[in-house]
Amino acid sequence: LATNYVEILITSHYLHSHHPSPSTIVAIVSLILLISLITGVITHKKIIKEFFVFRAFKGQRSLLDLHHITGVITFPFYLMMAFTGLLILFYLVLPWGLSQQYGKAGIPQFYNEMQFLELAKPKQSQSSAATMQPIESFIKQIPTKTESGAILDKFEVQKPNTAGAMVTFEYNYKNIITLNTPQYIFSANTAELLAQPRNLSAIAQLASSSYGIHLGYFASNWIRFILAVMGVVGCVMLAAGALLWQKKRIKEQHRFSYKLVQHLNCFTFLGLPLACGSYLLA
């Protein structure tokens with residue numbers, strides 16, 4: 001354990017504390033992005049043909065060519081991110097089936113059933129005091145590597161210092177797309193090994209795969225670098241499209257609508273990266 005990277009996470013289940021408002025905004029933006037991608041391909045009928053053409057220093061034509069090239073390069077990346085993001089937040093976009101089957105407060109139950117056939121439950125102790133066992137009590141019961149060669153890289157403590165406290169050890173959490181990694185789960189107060197079988201049905205695997213692809217935990221550093229570059233190239237596509245819109249309407253530059261879009265573009269493409277960088281730096 002000392003030589004391996006171990007991520008320590010002491011938390012309750014994410015969905016129980018998940019506030020719907022930010023997720024609703026993200027779901028709406030993702031839906032708009034998906035519609036924009038599809039309609040963009042339909043609008044630019046010759047987008048593949050013009051991908052191989054770039055005319056430099058030609059004003060509007062150069063911007064259009066740059067918009068086409070960057071659009072084709074980043075289209076699979078943005079389509080994947082938008083679609084898998086909507087799959088993750090489907091209960092906000094299409095909530096009726098989930099509400100009918102599980103009720104309004106059934107989202108955590110649904111996700112638990114998608115991940116596990118049965119949830120682990122520690123035996124209730126007769127004593128009211130909840131004393132968690134030392135970490136050595138769990139480590140001596142688990143292997144350093146599984147039979148498949150997966151390495152321990154995460155453990156999670158749920159409901160610490162309560163009668164229902166549990167400790168979960170997961171192997172190669174960030175190397176498997178489906179996130180269905182080997183795991184050992186214990187009662188934190190008795191160090192008893194508990195059973196929590198995974199749901200390996202086709203639909204459960206599809207759901208977990210879409211989540212894993214969106215998060216990209218499986219990706220190596222090189223793949224993450226390529227994905228980051230795709231994000232930057234996508235920003236170039238957006239900037240080129242916005243400037244092209246302005247160039248085509250240069251005669252209307254004295255109108256309020258033109259000035260509004262011009263200033264919004266300036267604030268977005270210059271101010272937003274500066275604001276995000278300052279936030280992350282702070």
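Arginine 198 is buried, with a relative accessible area of 15%, where buried denotes under 20% relative accessible area, exposed over 50% and partly exposed the range in between, for a 1.4 Å probe and protein chains only. The model is a predicted one, in which local features need pLDDT of at least 70 and side-chain atom pairs count only at pLDDT 80 or more, while totals for chains, interfaces and linings use all residues. Residues are numbered from 1 along each chain as its sequence is written, and side-chain values use heavy atoms, with hydrogens and water left out.

Side chains of opposite charge can pair when their charged atoms come close. A search of the whole structure finds 1 salt bridge, defined as a side-chain nitrogen of Lys or Arg within 4 Å of a carboxyl oxygen of Asp or Glu. Arginine 198 forms this salt bridge with glutamate 170, and the closest N and O atoms are 4.0 Å apart. The pair links distant parts of the chain, 28 residues apart, with arginine 198 in the loop between strand E5 (193–194) and helix H8 (202–215) and glutamate 170 in strand E3 (residues 166–171); helices (H or I, at least four residues) and strands (E, at least two) are DSSP runs numbered from the N terminus. Glutamate 170 is likewise buried, with a relative accessible area of 9%.

The structure also holds 13 aromatic pairs, counted where ring centres of Phe, Tyr and Trp (its six-membered ring) lie within 6.5 Å, with planes under 30 degrees apart taken as stacked, over 60 as edge-to-face and the rest as tilted. Among them, phenylalanine 77 and tyrosine 78 form an edge-to-face pair, 5.2 Å centre to centre with 75° between the planes, and both residues are buried.
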